[in-house]
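Good morning, and thank you for the time. Please look at the display as I speak.

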Amino acid sequence: MIAVYALVVAAAWPPAVVNGGHGAICANTGAGGNALGYGRTHGSEQGARAYLDQQSLHYCSASGVPDRDDDRGTSAWVAVTGPAGGYNIIQMGIVRCLGADLYSYCDGSLIRVFAWGRQPEAPGCAGFSRVPPIGIKVGTVDTSDPPLRYKVLHAGGLWGGYVGALKEAHVLESSICWTPEDLQYFTETMDDGDAHGGTDSNHFYFAEVQGLGTEGGGWSTFEMPGCVTYSDAPDPTFYKCSIEADDRRNMRIWTLDH
Amino acid sequence: MHRLTTFLLTTTAAGVALIAAVALSTAMPRTGGQAREAGGSSPTRGAANPATVLRSLDLATDSRVGVCPGIADAANVLAAVELARGADYRLAFPKMGRSPELETLATPVVMVIYSDGYPGSVWYAPNTPPEDREREPEPGTVDICAVMATAERVVYFDVPLEGFKVP
């Protein structure tokens, strides 16, 4: 498996380049942030995983955006989600953000974050408290690392967030009252003007996406037919998502400077 | 004062209680050096939460609150308290929804209580409709940033303030 993956990487991966301090303006108009990537509704999911590029996520300048223009945030995640989205998610990924009023960990560095949430309106969650997926920093990213496998997994009474074989954080299964239905592999922005993924010259990769349908079972590989157009998707003129034509388990996301 | 009055009217049936509570609120000391401005719901002050369950924290000196954003905003931070045992969260907030992640905690939990909404951002699920990404706290509720002994943080939205008393 690793050998195959290495061949994929060798064939398709550009050398990692640290992006930072770009003077570009991004046209993202999702006032509350938005997402780009792929999601699969399957009905019952017990885990999601994919290799994530460890390059620094692209940073746009915030010039010209209408609000919160000092705050910037971009991220990439593997996740299991519940009905109707919202807070019903367990996610593990990487984040780059600036603005301590957003999170105490938003200092501009690239970090690993685990997050989970629940909504009392979800079936099975009546009487529970409302928890938004705020996230906790579980480590820093070394941008010289090769792509690493990020994973959300239900096992042993816990929902864990993993990098490689190491469980970085977890939440009790009893805290997740909603039904895990979907797999999601996506980039997400915090608000206006933020970038998705990498740059035109250095795309951000998700590779070898997999799902786990049964707790304790085997991971299944599947092909992604195409990127998902979420309801608040960023302008496709500038925000790009592509599934590899020769291997539909791999996805690239990037933002054009303009 | 308008929102204070609204809260009290919804949580007490007797006019006498209203008058007493308003009088009490004018004498209520500030918690942790934070002055709460008009707006949001109002807690009452009383002996229902003994110090063994809940105690006030000094925002200026307690480093545990640092993982919660916006603590310098005195108009939004209603209080910072320490719950002696996480499992006792309903002694402090009797109307709070079920929270299994707190129920097994025998260790302290620090809570920063925001009267006008949690000031940080949320990583929504990607399939969240745009209209659901815009949020206003429910009337009569607060948001809470809870910091566990492990420094792990969980945020709770729309926690009913009814029954909470500033220690």
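Predicted model: local features only at pLDDT ≥ 70, side-chain atom pairs only at ≥ 80, totals over all residues.

The disulfide between A:Cys97 and A:Cys106 has an S to S distance of 2.1 Å, and both A:Cys97 and A:Cys106 are buried.

Over all chains, the structure holds 4 disulfides; I shall discuss some of them. Chain A also has a disulfide from A:Cys125 to A:Cys177, S to S 2.1 Å. What is the handedness of the link of A:Cys125 and A:Cys177? This link is right-handed, with 105° about the S-S bond. The pair connects distant parts of the chain, 52 residues apart. A:Cys125 lies in the loop between strand 5 (107-116) and strand 6 (136-140) of chain A, whereas A:Cys177 lies in the loop between strand 9 and strand 10 of chain A. A:Cys125 and A:Cys177 are buried.

Let us turn to chain B. Here B:Cys68 and B:Cys145 form a disulfide, with sulfur atoms 2.0 Å apart. The link of B:Cys68 and B:Cys145 is left-handed, at -80° about the S-S bond.

I now come to the interface. How many residues of each chain are in contact with the other chain? The numbers are 50 residues of chain A and 33 residues of chain B. The size of an interface is often given as the accessible area lost when the parts come together. Between chain A and chain B, the buried area is about 3,200 Å², with 55% given by carbon and sulfur atoms.

Across this interface there are 2 salt bridges. One salt bridge joins the side chains of A:Arg130 and B:Asp158, at 3.0 Å from N to O. Between the two chains, 14 residue pairs are in polar contact.

Which strands of chain A supply at least two residues each to the side that touches chain B? They are strand 3 (72-81), strand 4 (89-98), strand 9 (166-172) and strand 10 (182-189). Strand 10 of chain A gives the most, with 5 residues. By residue type, the side of chain A that touches chain B has 22 nonpolar, 21 polar and 7 charged residues.

Key. Residues numbered from 1 in each chain as written. Chains lettered and ligands numbered in written order. Heavy atoms only, no water. Contact = heavy atoms within 4.5 Å. Buried area = accessible area lost by both parts, 1.4 Å probe. Salt bridge = Lys/Arg side-chain N within 4 Å of Asp/Glu carboxyl O. Polar contact = N/O pair within 3.5 Å; in protein donor to acceptor, adjacent residues only side chain to side chain. Helix = DSSP H or I, 4+ residues; strand = E, 2+ residues; numbered from the N terminus. Nonpolar A, V, L, I, M, F, W, Y, C, P; charged D, E, K, R; others polar. Disulfide = S-S within 2.5 Å. Buried < 20%, exposed > 50% of the residue type's maximum accessible area, 1.4 Å probe, protein only.
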